[in-house]
Amino acid sequence: MTEPMTIRARLDAPRKTVHHALTDPAELRTWLTEHAEVELPDRYAFWGRNTPEGDAPHQRLLHVDDHDLRFTWLLGGEETTTTINLAEDGPDATILTLTQTHFDFAEAISGSNIRGVLQTWWSLGIANLAAHLEGRPLLPKVDFTSTDLRGELLIDAPMDAVYTSLIDSEQASAWFGYPIGIEPWVGGRYAMGGFESGYAAKVVDLEPGRRMSVDWGPTGVTTWELDESEGRTRLTFVQSGFDEQNPPYAAWGGSVAGLAELRRYHEVPDWRPIWL
């Protein structure tokens, strides 16, 4: 078994507020999942169309206190374990550390097991938790019952500034939190990990100032389009052209989670990413 996956984020809310958002069923139904039932210290369950294998609750609570939450989660035929730790970062911020067992990056790439979605699913969940705590609109959740992978968000910034941050390698690397090499022309490379990574997707459509499409091969084509909306920028994003028998939910969740930070990049004064 691989080492547990770890995600760390700084949330702009006191620890007690974050703990409440993690353990109150109404809060969970807002930022994470379609259905949730919590009766501490005995029950912690969530399920529904926004949850992997969400036909029924598959969690079993192991431990909960003011700082830690730990539960098992039967997923893809294996009992995995999720642990969430909350540490105060001054009076008004919290460091959240999530560890998740039974995640294999190869399964995320191949789509061979539903556990492959865990890294990006949790990343999108935490991004939406941050948005919820900051009073911002949520990003679209992954819908595991649908192959219609599309969504939109409003960014309080001029359209030209948003466009530049999407096609400029340095800015895109900053808000996405991972090196991205971008050649913003049709036929150009779009390289996660930078141009030295050895693999690059291909830009297949570009309308300067407004739209770009990138072909990722088996996971399909990602297209984003910008429009002005009452002084703000509306970003519409779509994943298409994939095998509908094996939708790229892992890639989709990661893309949407990244766009949450793009919005903060433009809207938060003295911006710093939530990810540590």
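Two strands count as paired if DSSP finds at least two bridges between them. The model discussed here is predicted.

Q: In the hairpin of E5 and E6, which residue takes a positive phi?
A: Strand E5 (residues 68-75) runs antiparallel to strand E6 (residues 78-88), with 8 bridges joining them. Trp-73 has Thr-80 of E6 opposite. The hairpin leaves 2 residues between the strands, and a positive phi near 60° is taken by Gly-76.

Q: How many residues lie between E6 and E7 in their hairpin?
A: E6 is also paired with strand E7 (residues 94-100), in the antiparallel sense, through 7 bridges. Glu-88 stands opposite Thr-94 of E7. Gly-90 in the turn has a positive phi of about 80°, and the number of residues between E6 and E7 is 5.

Q: How far apart do the C-alpha centres of domain 1 and domain 2 lie?
A: Domain 1 covers 5-134 and domain 2 covers 149-246. Their C-alpha centres are separated by 28 Å.

Q: Which strands stand at the edges of the open sheet?
A: The sheet has 7 strands, in the order E8-E14-E13-E12-E11-E10-E9, with antiparallel pairing. Each edge strand has a single partner, so one side of each lacks a neighbour in the sheet; these strands are E8 (149-155) and E9 (180-182).

Q: In E11, what is the bridge partner of Tyr-190?
A: Strand E10 (residues 189-192) and strand E11 (residues 201-207) run antiparallel and are joined by 2 bridges. In E11, Tyr-190 is partnered by Ala-201.

Q: What angle does the direction of H6 make with that of E9?
A: Helix H5 (residues 159-167) packs on the sheet and touches strands including E8, E9 and E11, its direction making about 160° with that of E13. Helix H6 (residues 169-176) also packs on the sheet, touching E9 and E10; with E9 its direction makes an angle of about 150°.

Q: Are H4 and H7 roughly parallel or roughly antiparallel to each other?
A: Helix H4 (residues 118-134) and helix H7 (residues 249-267) pack with their axes 8 Å apart, at an angle of about 30°. Angles under 35 degrees count as roughly parallel. The two helices are therefore roughly parallel.

Q: How many charged residues does the contact of H4 with H7 have?
A: The crossing of the two helices is left-handed. Leu-124 and Ala-127 are among the H4 residues in the contact, and Gly-253 and Val-256 among those of H7. By class, 8 residues are nonpolar and 4 polar, while the number charged is 3.

How values were computed: Residues numbered from 1 in each chain as written. Predicted model: local features only at pLDDT ≥ 70, side-chain atom pairs only at ≥ 80, totals over all residues. Heavy atoms only, no water. Domains from an automatic or database assignment. Helix = DSSP H or I, 4+ residues; strand = E, 2+ residues; numbered from the N terminus. Contact = heavy atoms within 4.5 Å. Axes fitted to C-alpha atoms, helices over the stretch in contact; angles between N-to-C directions. Parallel < 35°, antiparallel > 145°, perpendicular 65-115°, else oblique. Left-handed = near helix turned anticlockwise from the far one by under 90°. Nonpolar A, V, L, I, M, F, W, Y, C, P; charged D, E, K, R; others polar.
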